[in-house]
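Dear colleague,

I am handing over the structure below, and I would be grateful if you could look through it before reading my notes. The notes are meant for someone who has not seen it before.

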Amino acid sequence: MSLGKNYEVCPAYVVRGDPQRGIKALAPDLRTVADLSRYWKIFMDPEDNSKGRFLNGPTGWPISGTNVSRLKAYGLDSTFRNFYAGSGAALAVGIAGAYERGVPVVAYYWEPTPLLGRYDMIKLEESPYDEKTWKKNGGCDFPACRVLKTGNADFLNSEPEIRKFMEKYATTLALTNEALASMEEKKMIHARAAEEFLRSHSDLWKSWVDEGMAGKIQSALNRFAKK
């Protein structure tokens, strides 16, 4: 199961346009990180009109230093200015603010996060991850991250139903992004967010449990709905 992804993103309307918002596609052929060199003017830095702006993470984040190396590896240091966000919150605000205004922005971000559940963003493509290339200059896709489902062996062996549930449990980054975005937008507590997720994705969670347990969960959800 993937823990999450790190990548360079830009709003989908930059590539596809957004007729409902009256936004035209400014870079219809933008597909890869390397393509950015042709479109730097679209992302022009307001403090330096000779370069585009790449919105990076804060200076204290190790990945932010790696991203500087990545810009050089792709030859983008001559057309883009690396701009460090003041904090993780500032990075999110920088992306969200640009999206709400319908203006181009290219930035580093990751998922699962509420921001990528709320906005339609495009991951710019890169060559597949290669360990040697990554260690040299980061000029490839980010290394994969994984999350493992683990538990106390004695406990799981003594509780076969729980073990079976854990083995079947699986979700996706997209669904997690969606749930996080909904939770943040509606200012829900975790329990309420979990309830909403179960109501919205019954086909998914019913695949994790047997028919009897599914009936109990559905009955509980129905009772909560009446309160």
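This is a predicted model: local features need pLDDT of at least 70, side-chain atom pairs count only at pLDDT 80 or more; totals for chains, interfaces and linings use all residues.

Residues are numbered from 1 along each chain as its sequence is written, and side-chain values use heavy atoms, with hydrogens and water left out.

A nonpolar core here is a set of buried Ala, Val, Leu, Ile, Met, Phe, Trp, Tyr and Cys residues joined through side-chain atoms within 4.5 Å, where buried means under 20% relative accessible area, exposed over 50% and partly exposed in between (1.4 Å probe, protein chains only). The largest such core has 40 residues, and those that touch the most other members are Leu30, Leu36, Phe43, Phe80, Ile95, Tyr109 and Leu115. Among the elements that give two or more residues to this core are β1 (5–11), α2 (62–73) and β5 (106–111), but α3 gives the most, with 5 residues. Helices (H or I, at least four residues) and strands (E, at least two) are DSSP runs, numbered from the N terminus. Leaving aside residues up to four places away in sequence, Ile95 touches Leu55, Val105, Ala107, Tyr108, Tyr109, Leu115 and Met121, contact meaning heavy atoms within 4.5 Å.

Turning to the pockets, a pocket is an open set of points on a 1 Å grid over the protein atoms alone, where a 1.4 Å probe fits, with protein on both sides within 12 Å along at least five of seven lines, and its lining residues have an atom within 4 Å of a point. The largest pocket has a volume of about 290 Å³, a volume being the space filled by probe spheres set on the points. It is lined by 13 residues, of which Ala179, His190, Ala193, Ala194 and Phe197 are the closest to its centre, and α8 (173–185) and α9 (190–200) each supply at least two residues of that lining.

The second largest pocket holds about 240 Å³ of space. Its lining comprises 14 residues, with Pro46, Arg53, Ala98, Pro104 and Val105 nearest the centre, and the largest share, 3 residues, comes from α3.

Finally, Ala90 lies in helix α3 (residues 88–101) and is partly exposed, with a relative accessible area of 34%.

With best wishes
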